[in-house]
Amino acid sequence: MRLLSILFDRLYVLRNQLVHGGATWNSQVNRKQVRDGAELLLSLLPVFVGTMMSNPSEDWGAPYYPVVD
């Protein structure tokens, strides 16, 4: 569990760098970290979705970005 906590903390820092301008389009800053983070999320996302789909009665909390009509 501790390993996942560290991993997701680091992904969150990378996300903040991308969203808040620490790494800009076509710059060389953090490219390796962005690639590694994308590969990691690409492999983990199907596991997360599968877990949620296999447990539809579980309370997963409210979505952060609900669909807007």
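These are my notebook entries on one predicted model.

**Entry: overall make-up**

I began with the secondary structure. The chain has two helices and zero strands. I then looked up how spread out the chain is. Its radius of gyration is 15 Å, while the globule rule gives 11 Å for 69 residues, so I noted the chain as more spread out than a compact globule. Along the principal axes, I read a C-alpha trace of about 45 × 35 × 20 Å. I also looked up burial, and 10% of the 69 residues count as buried.

**Entry: helix H1 and what follows**

I took helix H1, residues 2-19, next. H1 holds 18 residues, and I found 26 Å between its first C-alpha and its last. That is close to the 26 Å expected at 1.5 Å a residue. Just after H1, I came to glycine 21, which takes a positive phi of about 95°.

**Entry: the aromatic pair**

How many aromatic pairs does a search of the whole structure find? I noted one. The partners are phenylalanine 8 and phenylalanine 48, with ring centres 6.2 Å apart and planes at 45°. Planes under 30 degrees apart would count as stacked and over 60 as edge-to-face, so I wrote this pair down as tilted.

Phenylalanine 8 belongs to helix H1 and phenylalanine 48 to helix H2, residues 31-54. The two residues are 40 apart, and the pair links distant parts of the chain.

Are these two residues buried, partly exposed or exposed? Phenylalanine 8 has 32% relative accessibility, and I recorded it as partly exposed. Phenylalanine 48, with a relative accessible area of 37%, is partly exposed. The class runs between 20% and 50%.

**Entry: the largest pocket**

I sorted the lining residues by kind: three are nonpolar, none is polar and one is charged.

**Entry: tyrosine 65**

Tyrosine 65 lies in the segment after H2. Its relative accessible area is 76%, and over 50% counts as exposed, so I listed tyrosine 65 as exposed.

**Entry: valine 34**

My last stop was valine 34, in helix H2. I read 21% relative accessibility for valine 34, which counts as partly exposed; buried would need under 20%. How far is valine 34 from leucine 14 in sequence and in space? I found 20 residues in sequence and 7.2 Å in space, C-alpha to C-alpha.

Technical notes:
Residues are numbered from 1 along each chain as its sequence is written. This is a predicted model: local features need pLDDT of at least 70, side-chain atom pairs count only at pLDDT 80 or more; totals for chains, interfaces and linings use all residues. Side-chain values use heavy atoms; hydrogens and water are left out. Rings of Phe, Tyr and Trp (its six-membered ring) pair if their centres lie within 6.5 Å; planes under 30 degrees apart count as stacked, over 60 as edge-to-face and the rest as tilted. Helices (H or I, at least four residues) and strands (E, at least two) are DSSP runs, numbered from the N terminus. Buried means under 20% relative accessible area, exposed over 50%, partly exposed in between (1.4 Å probe, protein chains only). Ala, Val, Leu, Ile, Met, Phe, Trp, Tyr, Cys and Pro count as nonpolar, Asp, Glu, Lys and Arg as charged, and the others, Gly among them, as polar. The expected span of a helix is 1.5 Å times one less than its number of residues. The radius of gyration is taken over C-alpha atoms; the globule rule is 2.2 Å times the number of residues to the power 0.38.
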